[in-house]
Amino acid sequence: MAMNEGRIVDLEQGWEVLNKGITKLKNILEGIPEPQFSPADYMLYYDATYNMCTQKPPHDYSQQIYEKYKMTIDEYIISTVLPSLKEKHGEFMLRELVNRWGNHKVMVRWLSRFFNYLERYFIARKALPSLQEVGLTCFRNLVYQEIKAEVRDSVILLIDQEREGEQIDRALLKNVVDIFVEIGMGKMDYYVTDFEEAMLADTAVYYSRKASNWIQEDSCSDHKLKAEECLKREKDRVSHYLYSSTEQKLLEKVQHELLFVYSKQLLEKEHS
């Protein structure tokens, strides 16, 4: 039943209406059968927000609704999202993370529609973080900061497995690596500090180990051919699941370990 726009609605009554929509949204995200939201549903939740945020004090509940929006997301993450991630590891955890991050963006998008009036007037007037920003911050603080080290290590392990000739899911890696950028709202800071630096360090260790074996076994020309093939494959990796800003740094690491470190020994080899 639609609420009458403009009438005084107390916080408990209005939130009860909104909470029904929030519960339905959570069920949909968890795969529990629910009918899709209709335009009438959307207007019902919009009107509930409108009625709680447009009255004169003490019936203006804008601040409380803004705080409840964050609490709703936090509670869902703590009760449902984090447990589902912590029970999985390695590639299974990465797949769950991609799924949960996708669901989180859907949740924020729909809740932003329910709370649209709050966004347009209260948040704009008070210069507060947007609903989208608050939603992203919740995920970053409660999920990303909790599992970022395991995510990073799992991705690096898969990269090393591919270097050894194993087949990996490159699309999965691309989706996970994208999260490092999206969690920084498009800035590269988290990608660089939480993933790229460790991946480059691992790359140096990996190719240092390879070079120490090759320098004993191969001729200079064979060693150079192997180095060229590795550089080609690393460039291919960048094009499929890393960011272009990584390419130069990655190639320099490979060149240093495969060629520069052993340049003197390569030049001293027979027929160099």
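**Exercise 1.** In this predicted model, determine which parts of the chain the salt bridge between Lys249 and Glu196 ties together, and how accessible each partner is.

*Solution.* Step 1: the side chains of Lys249 and Glu196 form a salt bridge with an N to O distance of 2.6 Å. Step 2: Lys249 belongs to helix H10 (residues 247-260) and Glu196 to helix H8 (residues 189-217), so the bridge ties together parts 53 residues apart in sequence. Step 3: Lys249 has 34% relative accessibility and therefore counts as partly exposed. Step 4: Glu196 has a relative accessible area of 2%, so Glu196 is buried.

**Exercise 2.** State where the partners Lys24 and Asp41 lie and whether each is buried or exposed.

*Solution.* Step 1: a salt bridge joins the two side chains, Lys24 and Asp41, at 3.3 Å, N to O. Step 2: because Lys24 is in helix H1 (residues 11-29) and Asp41 in helix H2 (residues 39-53), the pair ties together parts 17 residues apart in sequence. Step 3: buried means under 20% relative accessible area. Step 4: Lys24, at 11%, therefore counts as buried, and Asp41, at 19%, counts as buried too.

**Exercise 3.** Describe the salt bridge between Glu146 and Lys86.

*Solution.* Step 1: the side chains of Glu146 and Lys86 meet at 3.1 Å, N to O. Step 2: Glu146 in helix H6 (residues 131-163) and Lys86 in helix H3 (residues 62-86) are 60 residues apart, and the pair links distant parts of the chain. Step 3: Glu146 is partly exposed at 47% relative accessibility, and Lys86 is partly exposed at 48%.

Note on methods:
Residues numbered from 1 in each chain as written. Predicted model: local features only at pLDDT ≥ 70, side-chain atom pairs only at ≥ 80, totals over all residues. Heavy atoms only, no water. Salt bridge = Lys/Arg side-chain N within 4 Å of Asp/Glu carboxyl O. Helix = DSSP H or I, 4+ residues; strand = E, 2+ residues; numbered from the N terminus. Buried < 20%, exposed > 50% of the residue type's maximum accessible area, 1.4 Å probe, protein only.
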